[in-house]
Amino acid sequence: MEGTAVPGRLTWQVATVTAARWETPSVRTIELDVPSWTGHRAGQHLDVRLTAEDGYSAERSYSIASAAGEQVAITVERLDDGEVSPYLTDELRVGDQLEMRGPVGGYFVWEAADGGPLILVGGGSGIVPLRAILRERERAGSDVPVRLLYSARTPSDLIYRDELAIHRDGVEVFYTLTREQPAGWAGYTRRVDRPLLAETAWPAGKNPLAFVCGPTSFVEIVASGLVALDYQPDRVKTERFGGTGER
Amino acid sequence: MDELDGNRAAGLLQEVFGAEMTTAAATCASCGSVAPIGESDLYLGGPGTVIRCRTCTSILIVITQVRGMNCVDLMGMRALDTEGTPG
């Protein structure tokens with residue numbers, strides 16, 4: 001049985017990098033060819049393991065950036081003091097191999113059958129699983145109405161900028177740039193707070209489903225803000241990551 | 001160490017339990033609050049993986065690797081419901 005994938009069992013395997021592109025000066029999307037990928041749901045994760053020549057290894061979990069059925073992709077932000085992310089952003093090349101396992105997770109996950117309306121709120125690289133959800137909605141032909149609120153520091157920090165700028169029926173995108181805005185900026189300019197949520201999120205009466213991902217402090221403010229706007233707490237899904245500070 | 005949440009431990013938990021566990025509802029042995037593992041606090045900075053209650057910060061789960069073996073401490077949980085939270 002050695003070398004045979006056991007159904008349901010999570011095993012490390014070797015993926016090959018098929019494409020890589022920069023989303024911002026510090027964020028890179030990496031597409032992977034995974035030999036035995038069982039398929040994933042939007043919002044799930046995969047684990048990456050790097051092993052040094054001396055045997056020391058480090059594992060990190062990354063949100064999958066692609067929809068179900070699409071090529072597996074992760075979008076990685078370089079953390080300057082990180083053990084894994086600088087390798088993935090700066091060293092990894094197309095054709096290289098990468099040890100990984102997945103998909104894992106099931107909490108921060110959306111499928112078309114889950115319905116909506118959806119309010120997606122992302123801070124910084126917290127946009128990654130929300131992008132997977134948006135792509136999944138499109139792939140599945142869902143007409144669930146979506147509002148996306150995306151907070152970043154500066155215009156050059158916006159990940160998936162061109163993709164999000166494409167008009168899609170039923171999808172409204174709101175931006176807030178909290179530190180620096182381009183000339184003529186018509187979006188928001190402050191950190192997400194309750195009044196901003198009240199302006200952009202669906203009224204609670206529509207029984208919306210919320211996905212909130214970003215740095216811990218950002219997620220706390222948004223999740224408690226939505227609950228204060230009478231959202232059902234169990235319909236506010238959250239994912240927190242350390243991130244690199246203020247958004 | 002920055003604060004993460006249980007979603008990032010999905011792989012390790014699946015390795016240990018053999019199933020997806022982030023949707024499972026943990027009942028904290030200290031304060032009795034019930035929450036999905038995915039929403040619990042996760043700390044990777046010390047030895048091993050530590051999952052704490054988001055309500056009272058008590059330790060729910062500790063997983064350490066010793067010579068390739070996972071050592072799992074679940075004493076901080078009164079219950080673990082794989083059906084998830086109600087509603």
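A residue counts as buried when its relative accessible area is under 20%. The model discussed here is predicted.

Q: Are A:Y150 and A:Y175 buried or exposed, and what does that word say about them?
A: Both A:Y150 and A:Y175 are buried, which means that each has under 20% relative accessible area.

Q: How many aromatic pairs does the structure hold?
A: Over all chains there are three aromatic pairs.

Q: Why is the pair of A:F108 and A:F211 called edge-to-face?
A: The ring centres are 5.2 Å apart and the planes stand at 90°. Rings pair if their centres lie within 6.5 Å, and planes over 60 degrees apart count as edge-to-face; therefore A:F108 and A:F211 form an edge-to-face pair.

Q: Where in chain A do A:F108 and A:F211 lie?
A: A:F108 is in the loop between β6 (97-104) and β7 (118-123), while A:F211 is in strand β10 (residues 209-215). The pair links distant parts of the chain, 103 residues apart. A:F108 and A:F211 are both buried.

Q: What makes the pair of A:Y150 and A:Y175 tilted?
A: The angle between the planes is 45°, and the distance is 6.2 Å centre to centre. Stacked planes are under 30 degrees apart and edge-to-face planes over 60, so the rest count as tilted.

Q: Why does this pair tie together separate parts of the sequence?
A: A:Y150 belongs to strand β8 (residues 146-152) and A:Y175 to strand β9 (residues 171-177) of chain A, so the parts tied together are 25 residues apart in sequence. Ring pairs also link A:Y150 and A:Y175 with A:W185 into a cluster.

Technical notes
Residues are numbered from 1 along each chain as its sequence is written. Chains are lettered from A and ligands numbered from 1 in the order in which they are written. This is a predicted model: local features need pLDDT of at least 70, side-chain atom pairs count only at pLDDT 80 or more; totals for chains, interfaces and linings use all residues. Side-chain values use heavy atoms; hydrogens and water are left out. Rings of Phe, Tyr and Trp (its six-membered ring) pair if their centres lie within 6.5 Å; planes under 30 degrees apart count as stacked, over 60 as edge-to-face and the rest as tilted. Helices (H or I, at least four residues) and strands (E, at least two) are DSSP runs, numbered from the N terminus. Buried means under 20% relative accessible area, exposed over 50%, partly exposed in between (1.4 Å probe, protein chains only).
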